Amino acid sequence: MRFTYCPHCGNKLMKKEIGDEGMIPYCSTCEIPLWDLFTTCIIAAVVNKENEIALLRQNYVSTTNYVCVAGVMKPGEAAEDTVIREVKEEIGLDVEALEYIQSYPYEKKEMLMLGYKAVVEKSDFTISGEVDAVEWVSFAHALEKLREGSIAWQLVKTVIAEAKQEE
């Protein structure tokens with residue numbers, strides 16, 4: 001989100017040089033800079049101990065490719081808590097272990113995706129209304145079901161590579 005008007009007083013913002021940050025939107029009435037905002041989200045490669053990953057079909061995201069569990073962080077919520085909540089909400093499983101992998105800027109939607117590996121016990125899924133289908137896919141076939149180069153593909157590729165190093 002890029003500010004044009006101050007969200008506190010409604011006045012039109014001016015540009016002001018703020019230290020090393022350069023020219024930043026600034027409210028001269030409230031005397032505050034207003035940096036551009038982005039939405040912080042999580043994306044999780046949900047895996048089990050049998051080297052399988054839970055891949056979702058969400059037709060509102062893609063009708064041709066699978067995706068990983070993902071969701072928006074709520075105010076006051078830690079990223080790890082968001083992963084645990086989203087895995088439970090979307091596919092009905094409890095996270096046993098979490099590992100942060102890396103962040104992925106998603107400029108098209110002004111989002112920052114925080115990527116995690118979430119280990120769960122293999123079990124049947126209980127899917128939410130926003131998930132059309134989910135299945136366990138072996139590491140050997142997971143990447144071919146994701147859009148090459150996508151954030152989910154990058155995350156899953158990293159998780160698979162780490163698993164191979166641990167063998």
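Predicted model: local features only at pLDDT ≥ 70, side-chain atom pairs only at ≥ 80, totals over all residues.
Let me begin with C30, whose sulfur lies 3.8 Å from the closest cysteine sulfur, in C9, which is too far for a bond, a disulfide being a pair of cysteine sulfur atoms within 2.5 Å. Residues are numbered from 1 along each chain as its sequence is written, and side-chain values use heavy atoms, with hydrogens and water left out.

C27 also has its closest cysteine sulfur in C9, here at 3.6 Å, and that too is too far for a bond; the structure holds zero disulfides. Are these two cysteines buried or exposed? C27 counts as buried, at 1% relative accessibility, whereas C30 counts as partly exposed, at 30%; buried means under 20% relative accessible area, exposed over 50%, and partly exposed in between, with a 1.4 Å probe and protein chains only.

S28 sits in the loop between β2 (23–27) and β3 (32–33), where helices (H or I, at least four residues) and strands (E, at least two) are DSSP runs numbered from the N terminus.

Turning to the pockets, the largest has a volume of about 690 Å³, and of the 28 residues that line it, V61, V67, Y106, K109 and M113 are the closest to its centre. A pocket is an open set of points on a 1 Å grid over the protein atoms alone, where a 1.4 Å probe fits, with protein on both sides within 12 Å along at least five of seven lines, and lining residues have an atom within 4 Å of a point; grid points are joined across faces, edges and corners, and the volume is the space filled by probe spheres set on the points. The lining of the largest pocket divides into 15 nonpolar, eight polar and five charged residues, where Ala, Val, Leu, Ile, Met, Phe, Trp, Tyr, Cys and Pro count as nonpolar, Asp, Glu, Lys and Arg as charged, and the others, Gly among them, as polar.

The second largest pocket holds about 160 Å³ of space, and its lining includes R2, D36 and Y106.

Finally, the mean pLDDT, the predictor's confidence in each residue from 0 to 100, is 95 for the protein.
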